[in-house]
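Please look over the model below before reading my points. They go from the ligand to the confidence of the chain.

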Amino acid sequence: MLTFDTSIQFLKGVGEKRAEQLHKLDIYTVQDLLHHFPRQYEDWSKIVPIAEAPHDTPSCIRATALSKPLERNIRKGLSLYTFSVTDSSGVLKITLFNNKYAAAKIEAGKQYLFFGTVSGSYHAPELSSPLIEPAENGDRIRPIYPLTGGITSRYLEKLVGTALSQLDKALDNDPIPAYLRKNYCLCTYRYALENIHFPTDKQAMEVARRRLAFEELLLLQLGLLRLKGRTQATTGTQIKSDYHLDFCKHLPFALTGAQDRAVRECIADMQRKVPMNRLLQGDVGSGKTAVAACVAHSAIRNGYQCVLMAPTEILAQQHFESLSRLFAHEPTIRIGLLTGSLTKKQKDTVLQSAADGSCQLLVGTHALLSETVQFANLGLVITDEQHRFGVRQRSSLADKGNFPHMLVMSATPIPRTLALMVYGDLDVSILDELPPGRTPVQTFAVGTDKRARAYGYVRKFLQEGQQAYVVCPLVEEGETDLVAAEVYAKQLAEGPLAGYSLGLLHGKMKPKDKERIMADFSANRLSVLVSTTVVEVGMDVPNAVLMVIENAERFGLAQLHQLRGRVGRGKLASTCILISDAQNQEAVRRLKVMCETTDGFRIADEDLKLRGPGDFFGKRQHGLPELKVADLFTDMPLLKEAQTAARAVYAADNALALPEHKPLKTAVKTLFERTGEQGLN
Ligand code: ADP
Ligand code: MG
């Protein structure tokens, strides 16, 4: 008997090879197949007479073949098949290219459906490479699926049809309990699956879509509520005293109002009986490190250890240095650094000091996740993630302590309305104020014809002893990143920037060499840092006031914003020059937004509009399940409804233990397991 869990290989029409291809589409089970939703539809249900077929959009024509197709060999490897068809309104000439298979099936006098966009003149309409079906197959809306090599939409359509017909009773196993369907006017699971794949009409498809989108949002909300509940259920490492003011006295600057507020929110959290679970959202340069330092300080003075994880070595190194400076007046607090590039001996020393508690603040990369890393008394976990860690990695670090407090720092501003959704398991503090004395970075977009002038401008600043970043141009086909960067750096050194000291930073470099270059740039021994995008994360050199970005069109808004965030970090006015010859409307729009604003939230909003939420919330970025149906932009009202529903369900039955919630529980688990998230039992 077929069930949702049946491996796709056991479905009729799927062999071993097919199964492999389906795996590429993330289809492993029958349910995966049914949740592989069409990306659009062909409307074969509205038959258009030949004489009225539009010339700009696809339509479906029902017509009779006047003859068998005529084959013509245009040249070697190219055969044309032409034939004419007719309905009561006119005659249409049809051409097939190299499609012997389809041509062979056409018989004179038989009726077919042709789907495609008509061209030619109104007197002599033509249709090239249409989709063809025997007339008796048609009259419906047909799904078009996202595909991968070797798999056609028609094949998937057939499989889905088989699965739906064989599942039968299993389709009544609805994840959304009847009372919720009633309250929120949702159709059944069965109706939804049948009509998302094979809608009887547009309205049925909408009803199906709404239900599936609601379901997705409901499951996501429930999953997040449960993640949050998991940590709230247990007493953590509660701190007794607040040393915030004490620490502030010794900082080299006064905290901004926003920083102060964030620190207080964190400390208040840590004084409660449940672990803190907080997101610190702050634009680049808003001073998240100082907040982390204050919070860590209070945890440490209360007798706990603290760990800070960064996504790259460069960033970990910088955090280590900044924190060492901020803690300079606290000689009894020992700070350690753990990265993949330590020697065995260095590593052992660090591990030992973490395990015996003598190192109170350990900074590092993913290397921290290793089982060999243990703490005597871990009380606070901070991740500086720039969206690179998933929920699971965060919690695996937390498992090294007894429900420690968690602080997640993110520099990618998320439109406020959506932050709650994406970080539903976290409380949020926002740094919406930059440290004083900053002048917003001026940004210009110029074409490559102005490159020489741009570098003239750069030289003016270098002469004054200031520094510049240059982000390398796009890698040409067949060229490696490394070669591109090296070639470009050489061109600069021999050309417009001759006489200035240039450093090169790229992804393939040994960590030691990277460190050296970074240290040299930080200390102003290098005037210019030429780099691939590795510079995106974390560099903090206030004396660097220029950022030149070649091929700016290839970057997304969020990335451009991050890159630009490397400058404008000190008192000096900074400039960002975007070099691009892009004509593409969307790219031009992105560059324009960059020139208009430095407000991360506004950029995030624009980004969302340009890219669409599907991309914006790619699963890789957040470690959250990907949304397949729901569109966070247009489905915002639905999201609110789903949120209300999730809260009500959770309040009534947080373990989803009631019989009517059993399918719901399974569905939440399945959704989160897909992304490898754990802890939802
Ligand atoms: P980000 O939020 O991007 O991680 P950082 O923590 O790197 O920002 O801080 C950016 C720069 O601002 C650093 O050079 C830091 O020393 C400085 N800074 C942070 N807070 C303040 C403040 N309250 N006043 C002045 N400078 C500050
Ligand atoms: Mg930072």
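Which residues are the closest to ligand 1, and how many surround it?

1. This is a predicted model, in which local features need pLDDT of at least 70 and side-chain atom pairs count only at pLDDT 80 or more, while totals for chains, interfaces and linings use all residues; side-chain values use heavy atoms, without hydrogens and water. Residues are numbered from 1 along each chain as its sequence is written, and chains are lettered from A and ligands numbered from 1 in the order in which they are written.

2. Ligand 1 is surrounded by 16 residues (a heavy atom within 4 Å). The closest are Gln 259, Gly 285, Lys 288, Thr 289 and Arg 438. The shell holds five nonpolar, six polar and five charged residues. Gly counts as polar here.

3. Now the polar contacts (pairs of N or O atoms within 3.5 Å). A polar side-chain atom of Thr 289 is 2.6 Å from an oxygen atom of ligand 1. For an N or O atom in the side chain of Lys 288, the distance to a ligand 1 oxygen atom is 2.8 Å. Ser 286 uses a backbone N or O atom, 3.4 Å from an oxygen atom of ligand 1. On its own, ligand 1 has 570 Å² of accessible area (Shrake-Rupley method, 1.4 Å probe), and the protein covers 81% of this.

4. How far can the chain be trusted? Its mean pLDDT is 87 (the predictor's confidence in each residue, from 0 to 100). 89% of its residues reach 70 or more. Residues 617-622 stay under 50, with 22 contacts beyond four places in sequence (heavy atoms within 4.5 Å). Residues 676-681 also stay under 50, with 15 such contacts.

How values were computed. A polar contact is a pair of N or O atoms within 3.5 Å; within protein, one must be able to donate a hydrogen and the other to accept it, and residues adjacent in sequence count only if both atoms are side-chain atoms.
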